[in-house]
Structures are given as C-alpha cells and as structure tokens.
Amino acid sequence: MKFSLLFFVCIFLAATTFSQMPENGRMQAAPNIGHIYGKLVDSANKPLSDVSVLLMQTKFDSLSKKRKDILLKGLTTKAAGEFSFEELPVMGNLKLKISATGYKPVEQNVSFPMNGGPGNKPADGQPQAMPSANSFDKDLGNIKLNEDAKQLQTVTVTATKATLKMDIDKKTYNVEKDIVNAGGTALDVMKNVPSVNVDIDGNVTLRNAAPLIYVDGRPTTLTLDQIPADAIESVEVITNPSAKYDASGGGAGILNIVLKKNKKTGYNGNLRAGVDKYGAVNGGGDFSVRQGKFNVSASAMINQMNGKTNGVTDRLSLTDTPQTSIHQTDYDRNKGQFMFARFGVDYFISNRNTISLTGFKVHGEFKPTSVLNITNDSLYNTGTVSDYSERYTNTNRIFNGQGLQFGFKHLFPKQGEELTVDANYFEGKNSNNSFYTTDYYTNGAGSSIGGVGQQKIIGYGSDKNFVIQTDYVNQISGLVKLETGLRAALRSRITNDNNYLYTGDSAYLVPAASTNYTNSDNVYAAYVSLTGSVKSFGYKIGLRAESSNYSGELTDLKTKYGNTYPISLFPSIFLSQKFAGNSEVQFSVTRRINRPNFFQLIPYTDYSDSLNITRGNPALVPEFTTSYEASYIKTFGGNNTFLASLYYKQTNNLITRFLDTGYNAVSGKQDYINTYVNANNSKTIGAEFTSQNTLTKWLDISTNINIYNSKINTDNVIGTSQDALWSWFGKFNGNFKLPAKFTMQLTATYQSKTNLPVNSGGGGMGGPPNMQSQSSSQGYIKSFYGVDIAVKKTFLKNDAAAVSLSFGDIFRTRRSDQFSYSTFFTQEYDRLRDPQMVRLNFSYRFGKMDINLFKRKSQGTSDNSSDMQ
C-alpha cells in the first residue's frame, strides 16, 4: 500500500513537471502543494494568541544582484496559538519569522525533502530518499517563545495608537486620549472629531448634513447623549459609504462609534466617577476576564444631567393685520439621568469558530422644565394692543429598553475566507407626562393675572427592532477579495399621545389634538463588492440592492396607510493610487437614498405642542443623493500626516420642512403648521483639510478645516431659492505632555456665517417653541467660536489612577445666533447652553494579566489599559 501511494506521488510530480515544460525545454515553477503548521507556546506551555507569524521566501533580486527574503504569507495566531500555511512552493528554502512584544524573536528555516535543504540532508554516504506522500505536509510541533525582560521594561511607555488611520472607504480617529471628554457623552466626543459639527441642541452634522449613527458597525437606537464618552475607543468617519453599508439615510455619511473591548488574557477593569458644576454626577465601571476559550465582560454606568439654556427670540409676523411682533425669552432646565448596563460572553470554539452573545439594559428618566415669557405687540395701529403671558412646562419622561446581540464568525481553512452572522434585537418602552400652564397678564409683566390656560399630554409607546445580517469574504487571490452579504431590518412602533385641555380643575380629551398610531417598516438588502490591487493601484467596486415597505394605522380613526418601494440599485466605486514617499490619492463615487418615514408621511396634524404644530405629507417621495470625493494623504516622518479632500454632493427631491398656515384645533385660530415637502434639489461642494502633527516630544496637534458652498433649490415650493453661501468650519486640538505626569488638552472650534441647515428629520430641529421652522426659511447662522481646556494628572503604580479637570466654552462664546425670513415672518434668536461647564473626574484601572497582553503591540495596536501589570 505504501509503495503504491509513493508511486502515485512520484508519477503525479513527474506528470506535473513535464506538463509545465514549454517547447524551449525550460522548467516552470513546481506546484504549490506544501503545507506547514504548528503551535506557539510560552515557557509554561500555554498557547500564545495574537502573535505575528511571517513566512519568508529567499529569491534572487535582479536589481541588487543579491538574494533577499521576500514575504510569502503571514498571519496572527488565534486563542489556541495555532498557525497554518498552505499552498506553499515545494522548491526553494523558506524561513519562519515569529515576533511578539515581550518575547524574544524566533527564526526557523523550513524546507521540503526534495529541496535538499539544511534541515533535510541525508546521512553522510546515504542516497537521497524519495519523497513520501506526507513529505509536503510538515508539522513543526510546539514552538516555545522565551520572555524578553528588557522589552517588558519599556513596553509600557512606548505603546500608542495612531490618531488618524485612513482606509480606502473610511477614516478612523482614536479618541481615547481626549481628556476634555471625560465624564461626558458621545456628543462631547464628536465635538473633537474632525469633519463633525455639533450645534447647541446636540444636533450632529457631517459636512453640513445629518449622518447615520452606528455603534460597533451596526445601526443603533441609542442617541449620542446616551453613550458615555469613557466607553468609546475610536470614531470611524465614513463620508462616502460603500455598498457594504446601508444605502438609507441620505448622503451625509456614517459615524461609527467603536466601543472599548478587552483584548488581554487575564482580568482587568476600571472604575470612574465625576461631577460637574451643576452637581450632576457620573460614574461607572468595567470588568473583563479573558482566559482560554472565554472572554467575559461587564459594564455599568450612570450619567446625570442638570443643564441650563437661555434664549431670546424676536419675530415680526408679516401676515397679521396689523402686523405683530413677538418677543420671547426662555429658560430651560434639562434634568434627568441615564443608566446603561452590558454583559457579554465570547466563546472561542476553536481557532476558526467564535460565537458572541451580549445583552444590555438601558433606563432613562428625564424631568425637563421650561419657562417662556412671551410679549405680543401690534404695530402701526392706533391704540397699540399688547399682551404678555408666561408659560411653564413640566415634563416627566421615562424610557426603558433592553436588547441582545449575537455574533458568529467562521474562518475557513483557506486564508482570507470567512463567514459572519450577526443578529440584533432591541425593544424599548417609553412614557411621558407633560403639563403646560400659561398665565395671561392683564397689563404686561408684573400686572395681575387675567386668565390661566392649562394643557396636559399623556403619552406612551413602544419600539421594536430586529436586524439580521450575514457577510461572506473570500480572498480569491493574494490581491483580490470578494465580499457579499444579505441584510434584513424590521421595525415596529406604537405611539399614543392624548391631549387634554382644562376647564377649571376638570380635564377633557381633545381628539383632534391627540395622536395615536402604529407603524412598521422593513428594509431588505443584498450587496457584493470586489476589492483588489494591481501593484500600487487599488480598487473597491460594489453594488447594493435595497427594497423597503412601510405600513401604519391611525388607531382612533381606523385609517391605514402604506407603501412599497421597489428595488433600487446603489453602486459604489473606490479607487486609490499609492506613490513614492508615503503618499496616496483616492477617488470615490456612491449613490444613496433617504426614504420618508411614517411620521413625515401621515396626513395628520400633531398639536401636542401648541407652539410647534406639525403635519405629515403623504405625497413625499424618496430623495436620492450622488456623492463624489477625491482625497490626497501624505505621511511624513516623525508621525505627521496631511489629508486633503474635495467633495461634491447632489440630492434630488430633497425632503425638507416647509411652513404653512392652517386651523389650530386647540386654540381655534389660524396658526403656523410645519409640514414636509420635496424641494427640487440641493447641491454642496467643498474642500476639507486635516493635519496631524507631532511638533515635539511634549506637543502634538491636529487641525481640521472644511470650506463649503451649499445651495437648496426650492423654486417649486416658495418660488425663490436661498442664495448659495461660502462658509468654513475649523477645529484645533492640542495635546501637551507636562512635567510631574500632567497632561493638558486645548481644543477650539470656529464656524463662519453659514446657511440654515437642512432638516429632514422626523421630529423637529430641536430648540424651544416658536423656533422650529427655520429650515423652510431663508437666512443664516452667525459666526461663533468656542474654546475648551482640560488638565489630567496620573499617579499610583503604573499610572493606574487619574484625575482630570475640564473647562468647556471658556469664553461663553459657543452660542447659536440665527436670522431667518420667509413670506410669513422675519425672526432672530440667540441661545446659550451650559457655558463655562466645569467637570471633575477620577478614574482607576486595575488588573492582572498574562504576558500575552503585550504581544499586540508588536503589530502596531494597543488598548486602553495596556500599561497595567
């Protein structure tokens, strides 16, 4: 039997060899049928994961006329410490190079029997043996790595992450060292991320449009003020998403928040607590254990809020007879707290299969209050009429949610081939109780109260989301990768808001001012993309197909609505060219969609806020955005990077707010009503520049400037379009290393005069009443700037403890001052929120880990507690 098998192998090699011999008689390369494998262990014979294993091949360099080691294949070991290389050449000498921070490097020559290599020579005087059937399947056994004590002494002070990392379709910003964010939320983090702007109400824009928010690569129902800053590792800015990502959401792009994760063997954790100048506290802790095949993590945190906002509004109503002016001052307190808890388990079934299960729970309770002082004066009329009123609002909102995330990852024997399956379920319930009291004075402020109006809104609802997605990746060759996937997103919602008015002490329901509905929407998608390179030229070409449907019912009226959108195609093209001197040029084109949601479509008027009445428009159609972007990146010595981008976006059938007039069922008068329309189109062109510089050992800075011009064509709606306006936005971030383990961070932002933003959301722009309809008007936001500073001191062994003090909006200049005008009114308003905010925070890290924790750094990565021992 052995002889027969040996004879078959020899015949196979001979046939293969002769079949590859051309007419000129020269031999071609031998078949790549070699296979080597083994396992890496430490001095205690424990498996080592995340170790770099490189397989080099010695080749003759025609330029230098010398033999050189060329990288043939490489990998990083998994939890079991195993490595495997297949389809290797059986001719020539190979060399295995193994490296991990904290261990001495290992090199080992590898060759197959027919090579006559150094490890396969026959005994002296003995003839070379014929290769056996297993000669090309070589087990290198357990390879032991010895600790390097000198390297361990220095590793804790040299490991840092690059602040900016650029891929072909996204930019990743490491935000872990931003100390001004300590004790804050994701909103505070976004204020320091290049390309991102955050206004006074917490509305986030990416290049002057609202982006989609992801958490760990998945869409989220959490808002940015519900995600603690201390839980965030990095933010991925995807200005022009490829076919792999959801096409829904318009052309603003995606902000993907990457949360911190445990990557070390052993246990580690951290505790933190803080307080701001209003007495709002924050606190939390994380704990992770990773050993063998399991990684268990748990985290819990609480954030209180007690913010204050002051504003002034002056409006001239042009349609009243006589014309009237409104002067309004408002004072808002945003009290409440938000709690978040998460528990997850990763199980490494083998070095090719991993499953993950994470559960989380959220709870929020908010009690905002507001006081509005409103003065109405008639103009150009004999016997001027003036009235004064004060409105007091007390609200109690409660939100409870929970969810599960399941993940499965399978690595095929072929390198670069993998399959992942992700399923996410989230459900939440909410309730709200708002009470409005309006005092009407007889003769202005300070006079007697002539009447009292009372209104109460009691609401409740629920939200359920289920998303399942599968992705398949196949490295077709060393330079070409195929990606494909399927996705289904299913969502249902129940909303009930009952509006009550008072007669004396008795409340009665106003059906015309109550909103009760159910709705569901589903999106189904499939994508395929091909990524490859030809020498220094790279490409990524993709195509995504999506279809969707929605249905809803106004439960009181038993009226049903629905629509089904056909399959739409969304191509994406990404091209890159690398040049000498660490420089690269990229170009991309994508197409995206923004479908109107149920709230924007239902032909029903929402009177829940008498000063902000809204109505849907069933005639809305989806908007489509085509985006073009060209980028140039240059990496200089000394950790300095420059990135420049040119971009252009055009959106057809832009969904935007529109101000109309109609009958108010609560007041019984004509009033302004916010609705939605499709504008002809919008166009944006701009240039963005980002620079990351290490000036000295104690100072590094980042600078971001975005220059843009935007124009909305609303000729089909109001007959005239707003003039295009050139604007610019800038950010500066400086990090200082000071003596005695002090660090300091200085950040600054500047926004020049710019057009009012487009609002295509379903629930308003934010801000106080009477200020919500400006996106349908012409006008601008006046220029403003803001400066923040923070200082941090680390102490205890290995700097395990830290205290930071931050001071936000030092000069009270980060205000929102807007002017707008339309056929109905002219208006100017000015608001200031939480100026000169001071936060004091304390954190403490602890843990005990195997030496494995250091090995990631040899590959240019680290994590948030890498300097602990």
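What share of the 869 residues in the protein chain is buried? Buried residues make up 48%. Keep in mind that this is a predicted model.

Now the overall build. The protein chain has five helices and 45 strands. Take the contacts with a separation of 6 or more: 67% of them join residues 24 or more positions apart. The accessible surface comes to about 40,400 Å². Carbon and sulfur atoms hold 57% of that surface.

Next, charge pairs. Side chains of opposite charge can pair when their charged atoms come close. How many salt bridges does the count give? It comes to 16 salt bridges.

Start with Asp286 and Arg272. Their closest N and O atoms are 2.6 Å apart. Asp286 is in strand E17, residues 281–291, and Arg272 is in strand E16, residues 266–276, so this pair ties together parts that are 14 residues apart in sequence. Is Arg272 buried or exposed? Arg272 has a relative accessible area of 11%, under the 20% cut-off, so it counts as buried.

How accessible are the two partners? Asp799 has a relative accessible area of 25%, and Lys741 has 46%. Buried means under 20% and exposed means over 50%, so both values make these residues partly exposed.

On to the surface patches. Which residues gather in the patch of negative charge? Glu86, Glu87, Asp137 and Asp139 do. Strand E4 (82–89) and strand E7 (137–144) are the elements that give two or more residues to this negative patch. Look at Asp137, in strand E7. Asp137 has a relative accessible area of 35%, which makes it partly exposed.

There is also a nonpolar patch on the surface. It is formed by Val534, Phe537, Ile541, Ile573, Leu575, Phe587 and Tyr628. Together these residues have about 580 Å² of accessible area. Where do they come from? Leu575 lies in strand E29. Leu575 is partly exposed, at 30% relative accessibility.

Stay with strand E28 for a moment. Ser547 is in that strand. How far apart in space are Ser547 and Ile567, C-alpha to C-alpha? The answer is 4.4 Å, for two residues 20 apart in sequence. Leave aside the neighbours within four places in sequence, and Ser547 is in contact with Asn522, Val523, Tyr524, Tyr565, Pro566 and Ile567.

Another serine, Ser462, sits in strand E24, residues 449–475. Is Ser462 buried or exposed? Ser462 is at 18% relative accessibility, and buried means under 20%, so Ser462 counts as buried.

Last stop: Lys97, in strand E5, residues 94–99. Lys97 is partly exposed, with 28% relative accessibility. Which residues does Lys97 touch, not counting those up to four places away in sequence? They are Ser52, Val53, Leu54, Met56, Asp69, Val106 and Glu107. Now compare Asn109 on the screen. Lys97 and Asn109 are twelve residues apart in sequence, and their C-alpha atoms are 9.0 Å apart.

Conventions:
Residues are numbered from 1 along each chain as its sequence is written. This is a predicted model: local features need pLDDT of at least 70, side-chain atom pairs count only at pLDDT 80 or more; totals for chains, interfaces and linings use all residues. Side-chain values use heavy atoms; hydrogens and water are left out. Patches are made of residues with over 30% relative accessible area and no salt bridge: like charges are joined within 9 Å, nonpolar side chains (Val, Leu, Ile, Met, Phe, Trp, Tyr) within 5 Å. Accessible areas come from the Shrake-Rupley method with a 1.4 Å probe; for residues, only the protein chains shown count as cover. A salt bridge is a side-chain nitrogen of Lys or Arg within 4 Å of a carboxyl oxygen of Asp or Glu. Lys and Arg count as positive and Asp and Glu as negative; His and the chain ends are not counted. The place of a charge is taken as NZ of Lys, CZ of Arg, CG of Asp or CD of Glu. Helices (H or I, at least four residues) and strands (E, at least two) are DSSP runs, numbered from the N terminus. Buried means under 20% relative accessible area, exposed over 50%, partly exposed in between (1.4 Å probe, protein chains only). Contact means heavy atoms within 4.5 Å.
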